[in-house]
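Trainee: Please take one part of this model and go through it closely. I would like to follow the charged side chains and how they pair.

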Amino acid sequence: MSGFFKSGPSMEDTLFNLKFTTKQMERQAKKCEKDEKIQKAKVKKALQQRNKEGAQIYAENAIRKKNEGLNYLRMSARIDAVAQRIQTALMMKETAKQMSGVVKGMDKVMQSMDLQKIAAV
């Protein structure tokens, strides 16, 4: 019955998914860089063969791949920033929970001790 009120994935699951997505985007960016290098090599080969139109097409492809890779990196950085904020929030939540336990323990100790004896020391 406790799962009945849960509306979606937990924050830990969300954090994991964000980190996973960041890694995927970084991999895609590397793939785009690799494809860009291949297209540049094709441009060079086409120019050596005096194929100006082919070289232009390959150059356009290289530019597109470079922009695509930069967009992946940019999005990856944004997602990583969100993941870091969530991780910080989770750590603060855990710290607050631990501190509440410490405070409750201190209250019990203070009630069991004689305050006049503590003040005398």
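Mentor: Lys 40 and Glu 36 both sit in helix H1, 4 residues apart, which is about one turn of the helix. They form a salt bridge whose closest N and O atoms are 3.3 Å apart. The model is predicted. Lys 40 is partly exposed, because its relative accessible area is 48%. Glu 36 counts as buried, because its relative accessibility is 10% and the cut-off for buried is under 20%.

By the rule used here, there are 3 salt bridges in the count. Another one joins Asp 35 to Lys 65, with 3.6 Å between the closest N and O atoms. Asp 35 belongs to helix H1 and Lys 65 to helix H2, so this pair ties together parts that are 30 residues apart in sequence. Lys 65 is partly exposed, at 22% relative accessibility.

Lys 65 also forms a salt bridge with Glu 68, where the closest N and O atoms are 3.8 Å apart. Both residues lie in helix H2, 3 residues apart, about one turn of the helix. Glu 68 has 27% relative accessibility and therefore counts as partly exposed. Through shared partners, Asp 35, Lys 65 and Glu 68 are joined into one network.

Now the two helices themselves. H1 covers residues 11-48 and H2 covers residues 52-112; they pack at an angle of about 165 degrees, with axes 7 Å apart. That angle is over 145 degrees, so H1 is roughly antiparallel to H2. The contact of H1 with H2 has 21 nonpolar, 10 polar and 12 charged residues.

Definitions and conventions
Residues numbered from 1 in each chain as written. Predicted model: local features only at pLDDT ≥ 70, side-chain atom pairs only at ≥ 80, totals over all residues. Heavy atoms only, no water. Axes fitted to C-alpha atoms, helices over the stretch in contact; angles between N-to-C directions. Parallel < 35°, antiparallel > 145°, perpendicular 65-115°, else oblique. Nonpolar A, V, L, I, M, F, W, Y, C, P; charged D, E, K, R; others polar. Salt bridge = Lys/Arg side-chain N within 4 Å of Asp/Glu carboxyl O. Buried < 20%, exposed > 50% of the residue type's maximum accessible area, 1.4 Å probe, protein only.
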